[in-house]
Amino acid sequence: MNEPVRVLALWSPDWPVTAAARAEGVAPHRPAAVVVANRVLACSAVARAHGVRRGLNRREAQARCPELAVLARDPDRDARAFEPVVVAVEELAPGVEIVRPGLLVMPARGPVGWFGSEQAAAERLVDQVAARTGVECQVGVADGLFAAVLAARRGLAVGPGDTPPFLAPLGVEELDREPDAGRADLVDLLRRLGLRSLGAFGALDADDVASRFGADAVLAHRLARGLDPRPPLRRRPPEELAVEIELDPPVDRVDAAAFAARGLAERLHAALAGHGLSCTRLGIAARTTAGEELHRIWRCAEPLSPSGTVDRVRWQLDAWLARGHAGEVRWLRLTPEETVTAGALQLGLWGEAGEADARAGRAMVRVQALLGPDAVVTAVLAGGRDPAEQVRLVPWGDEREPGAPPPRRTRRTGPVGGPDAAGERAGGERDPAPDEPGAWSWGVRPGDGTPRRAPAGWPDDVLRATGRVSAVDRPESGHARPSNARRRAATRSTPIGRPAVPEPAPSWPGRVPAPSPATVPVEPLPAEPLDVGGAPVGLAAPDRLTAAPHRVAVDGGAAREVRGWAGPWPLEQRWWAGAGPVSRMQLALDDGTALLLAHRDGRWWVVGVYD
Amino acid sequence: MAEAAVRRMPGGGSRADAASRLELARGVLRGLEDRAAGIRPVGGPAADGRVLPVAGPLARLLPAGGLRRGSSVAVVGGPGATSLLLALVAEASAEGAWVGVVGRPELGLVAAAEAGVRLDRLALVPRPGRDLLAVTVALLDGMDVVAVAGGGVRAADRQRLAARARQRGAVLLALGPWPGADVELSCADAQWQGLEGGSGRLCARRVRVELRGKGLGPGRGGRLLLPSRGGGPGGAPEVVVPEPAAVVAG
């Protein structure tokens, strides 16, 4: 059982482009690319020869190759167009499994035994596919699915037992080649740790990998060593997990069939969840009115979610119904061909109402689709003394962890003085053009080149002064980290190399105590407190006013009467960065609101409104 | 039509005063809007009996003892409005409800955290721009409470949002004028405590919260501390004093 199975993989390069080009009637010699959200998702070999690359901007791609045919993406079409290829292969070899449109695998034993050798089997399969469908493809044979797919990309047959040496020199980025893998974080982390090849990664101890990098990395580690991704002990699914449905009346349209499939998929997943299982290989069977029995197995790298199941059923039905002569589908059955114990897919793992969270998450994603990813934010409290400084806004979907790199919002400015530093205050020039509305850039000079990542709660300056920079930060400190907070890789990797005991949160002496202002103006508003005689109130000393405020005018408005006042409280911080001193004062007005004013650069500003 | 209605109003005698006429016309219009909003295909907010909890002093004030799911609540602008809004959502948020805030880039989030709002369950859409309606509808689908800046939303859109909230069992909180809301809260007589001439600091604020709404009877309200020393709402024992038809200030 420990012996890895020989797997034959058949891969058609750039399948989205091939499928799209065929559907749109683009000639194969013309360069073509499939573009999603203005980025090249896949491009044909001709386009690649012209310098078009995956991930390129559309304009850039068109500039490099003006005759480029830009095609839209359509996963349904990809799956539909792949069906003839599967049929062609199935005529020669049994047990074909589709990994995704463009890639299928089968146990190598059957075809190799029949055709005499792996070479012969590969040749026959390639010929068969080319003759029947006109699609170019490559074949690879190796031990295990992962190695077989990599071999197919290179058109190699890896001998039995040679899989680990074959994998060893390949780069770790091969772990993230498949579109569904989602291991960009892990790959990025491994490369920064200096583990650039699969061999180097595989040489790590499995226990260490499990304790440091998490569950997915364990799978990746097994892949890198040429083992089957999951431990060999597999559960046989109990028979009653299969779900089926009679379609009455029979269905001949994909959307109607997909509707039925949705209920079926939910039933399947409810049954699986009841057994604590999730499905990694899904069998889809259908019976048509013409009496034909259709059966196809889909295999997935990740355990299938209900929506993933529905997608696959829809693609498959689309393919079957598009053949035309099959007639209508009158019976549908989903079989979990292979299951693993469910882990991360379970809802409510942390004792929270997982469903409500998922619902809220969906709502926020929908708003992000409307307005852009940065439009929906949640707040994280950070260190600081100004009401605006204490808040960091994180776009929904990014890590909220306080130690994460602060995005271009207010950066923490911090205490360096002794224990008696109650009177320090960030001051300094107002950045004339803050790069984001809502982020006051007081006290932070643009581009002062500080390393942007600090252990939780510690200001950057302290780190610089004391040399307390965690190991993860060092490679970054030379160049400013791009301020885009959507780099999950970096945030997730933060715990590694950080001391296990968290740093205690700093107390920020000199903060105005609670209650805090309920309204914090996006930009500080100019204010002018006046004394009884109508003369402006200024500062005689950092902690002394020239006169008691009697009225105050905010932002050029009418002067309002002051009922009570307190302060000023001086604060000095970041003097090492050239920031000036600041004094703050609270004013209660006659209408029941109160203002928090800050005096800096010779004027008063409203930094908070207690309304 | 408004003219005719104005003439029938009992206070129409002082018609010579243009300002008071305008005020009257506005009142009539608001009444009409209220009546139009009252015609509903579905039952009122009572159709969905679930209630989101609010902090003690406010709970004794609100008719259902909390925010009824499916209802719309307006917090009339003015001193204390934002604090009141935060106090309303705090308890529900602490118990795990999701709260969305649309179109308030200047919301004081430290104050929100002090009031007891869980920031990891507070979704902010500071600048919805022209998509305010679409964004609010989307959030109503997934959140338990959605607060929206009320100014400048048309009557038809207000009804659409209220209907959506009713349908999804969410609470629609409007900050600012929102004719047609089930409950309308406002603050009056705000007085800060803790400040003396040049010494002390802002500690707490005594306000009278007034409540208006359909089927509530006239003049319901009570005194409480908003914010109290810790940040959230608080109150002395004699907090809720239902007052008979009090004079409404601003």
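Let's start at one residue. Leaving aside neighbours within four places in sequence, E174(A) is in contact with F146(A), L150(A), R154(A) and L198(A). Contact here means heavy atoms within 4.5 Å.

Before going on, the ground rules. This is a predicted model, where local features need pLDDT of at least 70, side-chain atom pairs count only at pLDDT 80 or more, and totals for chains, interfaces and linings use all residues. Residues are numbered from 1 along each chain as its sequence is written, chains are lettered from A and ligands numbered from 1 in the order in which they are written, and side-chain values use heavy atoms, with hydrogens and water left out.

Back to E174(A). Where does E174(A) sit? In the loop between helix 8 (163-167) and helix 9 (184-192) of chain A. Helices (H or I, at least four residues) and strands (E, at least two) are DSSP runs, numbered from the N terminus. Is E174(A) buried or exposed? E174(A) is buried, at 7% relative accessibility. Buried means under 20% relative accessible area, exposed over 50%, and partly exposed in between, with a 1.4 Å probe and protein chains only. The side chain of E174(A) also makes a polar contact of 2.7 Å with that of R154(A). A polar contact is a pair of N or O atoms within 3.5 Å; within protein, one must be able to donate a hydrogen and the other to accept it, and residues adjacent in sequence count only if both atoms are side-chain atoms.

Another glutamate now. E83(A) is in helix 4 of chain A. E83(A) is buried too, at 4% relative accessibility. Not counting residues up to four places away in sequence, E83(A) touches R296(A), Q316(A), A319(A) and W320(A).

Next, the two chains. Chain A has 18 helices and 22 strands. Of its 611 residues, 50% are buried. Chain B has seven helices and ten strands. Of its 250 residues, 51% are buried.

How do the chains meet? Across the interface, 49 residues of chain A are in contact with 56 residues of chain B. The area buried between them is about 3900 Å², and carbon and sulfur atoms give 62% of that. Buried area is the accessible area (1.4 Å probe) that two parts lose on being put together, summed over both. On the chain A side, R359(A), P515(A) and D611(A) lose the most area to chain B, together 14% of what that side buries.

Helix 15 of chain A gives the largest share of the chain A side, ten residues.

Now the aromatic rings. Over all chains, the structure holds two aromatic pairs. Rings of Phe, Tyr and Trp (its six-membered ring) pair if their centres lie within 6.5 Å; planes under 30 degrees apart count as stacked, over 60 as edge-to-face and the rest as tilted. W15(A) and F82(A) have ring centres 5.0 Å apart and planes at 70°, so this pair is edge-to-face. W15(A) is in helix 1 and F82(A) in helix 4 of chain A, so the pair ties together parts 67 residues apart in sequence. W15(A) is buried, at 2% relative accessible area.

The other pair is Y610(A) and W192(B), edge-to-face at 5.7 Å centre to centre, with 80° between the planes. Y610(A) lies in strand 22 of chain A and W192(B) in strand 8 of chain B, so the pair joins two chains. Both residues are buried.

Last topic: salt bridges. D14(A) is buried at 17% relative accessibility, whereas R48(A) is partly exposed at 33%.

In chain B, D189(B) and R208(B) meet in a salt bridge of 2.4 Å, N to O. D189(B) lies in strand 8 and R208(B) in strand 9 of chain B, so the pair ties together parts 19 residues apart in sequence. D189(B) is partly exposed, at 37%. R208(B) is buried, at 7%. Which residues form the network of salt bridges here? D189(B), R208(B), E210(B) and R223(B).

How values were computed: A salt bridge is a side-chain nitrogen of Lys or Arg within 4 Å of a carboxyl oxygen of Asp or Glu.
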